Amino acid sequence: MKQLSGLDASFLYLETAEMPMHVGALHQFELPASYRGNFLDDMRAHMATRIPLAPALRRKLAWMPLNLAAPVWIDAEPDLDEHIVGITLPAGSGLAELEEQVGELHPVLLDRSRPLWKFHVFDGLEPGPNGEKRYALYTQLHHAAVDGQAAVALAQAILDLGPEPREIPTRPARERKGQLAMTEMLRGALSNQLDQLGNLVKALPAAVGALSQVAAQTAGGAVSETAASVWSRIKGNGPMGGKSVSNLGLAPRTRLNATVSDTRAFAAVSLPLAELNAVRRRHHASLNDAVLMICSSALRRHFAKHGPLPRKSLVAAVPISLRSKGDTASNNQASMSVISLGTHIADPARRLAHVMAASASMKATLGSVKSLLPTDFPSMGVPWLMEGLTAIYGRAGVADRIPPVANLVISNVPGPTVPLYMAGAKMLTNYPTSIVVHGVALNITVQTYNESLDVGIIACAQAMPEVDEFAAHVETSFLEFKGLPVAPEPVPARPARKVPAKKAAVKKPAAKQAPAKKAPASKAVVKKTPAKKATAKKPAKPVPKVTPKARASAPTAKRSSR
């Protein structure tokens, strides 16, 4: 028995028919033209061997009495006939039909009496260029069980590096427990609550110190200096100068900031990863900066057409991973920050500078408090409170009236950069699907896979039905980013400072010339005396003649200087 953390359980309490809380992906697979098997059966057989490696797929929820605290995970053997289902599409179907299927399936909630996952296998797809057999898979995993990076670790257990599945060592079957006794569950819940309270008390001194440090940095302008240095590096003395960017403040209201319905629209697009990396390196940008820039440009195009385009910059909510390196636990270890996208800036170069400065500002602010962001907290009474508030929030349409903090979610999940296989089939694409909530009706999640950056766009179908058009804007924005001229770098200025400073100081033979001047000192004095007389006579004669010439030449000097 393992009780869910406060963060994991919150995804259960927030879930409604309008806000499904599962994540997943749309994958396309390819098999040789000579393949004659049944891919659905092969998929079930393959998953039967991988279930022992995937704890998130072989456990289900057990609820606390009266729903007083967070539920617990208990072992459960999944029925693969129920968890892996087949769907036959019209012959010759392609990506457009798959996107439509994801839009219809995504709002369907997972059965909470079973392990919280489901796979949909599609056949009927158009074959590849050489007659290859193609299939697709749409996966659903509840966010209470995994976050983005945990899902990547899960995929590593399920997928293979080659068409020949690797051997999985057999493990002894685990003894399954029956229904947990009420006293056992309550005892475990109470012990967990006491542990959480103790952890909060222990962490309080460190939290106060870190918050004081952040306040001091903000007051001293440390965050602004970091952002200003980015501006200077990208644009030099350009039109934005050394201006800093702040991510604080409310977002402008758009049609994305509304109460969402129980309908979804999904679109996908792939960008060439090698080209994207080459372009962003030329601009000294991170991959995340490039993703934010491309999304910003696509949003500007979308709102310029479907309007209105806000005068104030749109703001993205950005998930921040709190996971330690190498941690593959099946749970959630993430928080959320916000970042200004610069959608109000027409010039792409200035918009990129804005995004990079905003990103630097966010990292500078988040660095000191990242370790303080909680992933677990006492949950006694929280289920009633959160479920009640969520129901009221949705039914009363609160999201339509309160000022928005963010306009959309943009998530960048690192993924594998090599081709992967499942049940002998090569995976061609990996388009993520994620969550939209009341007040934030658009979610853009990207993940690297093999040689591509795969982009999954999911939205409330009422708030933003034009997701396929938005996917085209993403492609256009990538081309714009690719053609963006690189600002000149002040590289030669660095060696120029060092060379003259040190070599000028070496010229100290002036001390040797001092004794040589002492010998002819008397002669020098004799020569100076007539010189003084000459200088005394010269100013008296030419002064009245030089003055008019100087007046006549003065205007021409000013023009030439202009």
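1. Which residue in β7 does K118 stand opposite? K118 stands opposite Q140. The strands concerned are β6 (residues 117-125) and β7 (residues 133-142), which pair in the antiparallel sense over six bridges. Pairing here requires at least two bridges found by DSSP. Strands (E, at least two residues) and helices (H or I, at least four) are DSSP runs, numbered from the N terminus.

2. This is a predicted model, with local features needing pLDDT of at least 70 and side-chain atom pairs pLDDT 80 or more, while totals for chains, interfaces and linings use all residues. Residues are numbered from 1 along each chain as its sequence is written, and side-chain values use heavy atoms, without hydrogens and water.

3. β6 and β7 belong to an open, mixed sheet of six strands in the order β5-β6-β7-β2-β13-β12. Its edges are β5 (84-93) and β12 (421-422), each pairing on one side only. Helix α2 (residues 39-50) packs on this sheet and touches β2 (22-31), β5, β6, β7, β12 and β13 (425-433). Contact means heavy atoms within 4.5 Å. The direction of α2 makes about 145 degrees with that of β5; angles run from 0 to 180 degrees between N-to-C directions, and axes are lines fitted to C-alpha atoms, for helices over the stretch in contact.

4. Elsewhere, the axes of α9 (residues 287-306) and α12 (residues 467-482) come within 8 Å and cross at roughly 125 degrees. α9 is therefore oblique to α12 (under 35 degrees is roughly parallel, over 145 roughly antiparallel, 65 to 115 roughly perpendicular, and the rest oblique).

5. Residues meeting across α9 and α12 include M293, I294 and L299 in α9 and F470, V474 and F478 in α12.
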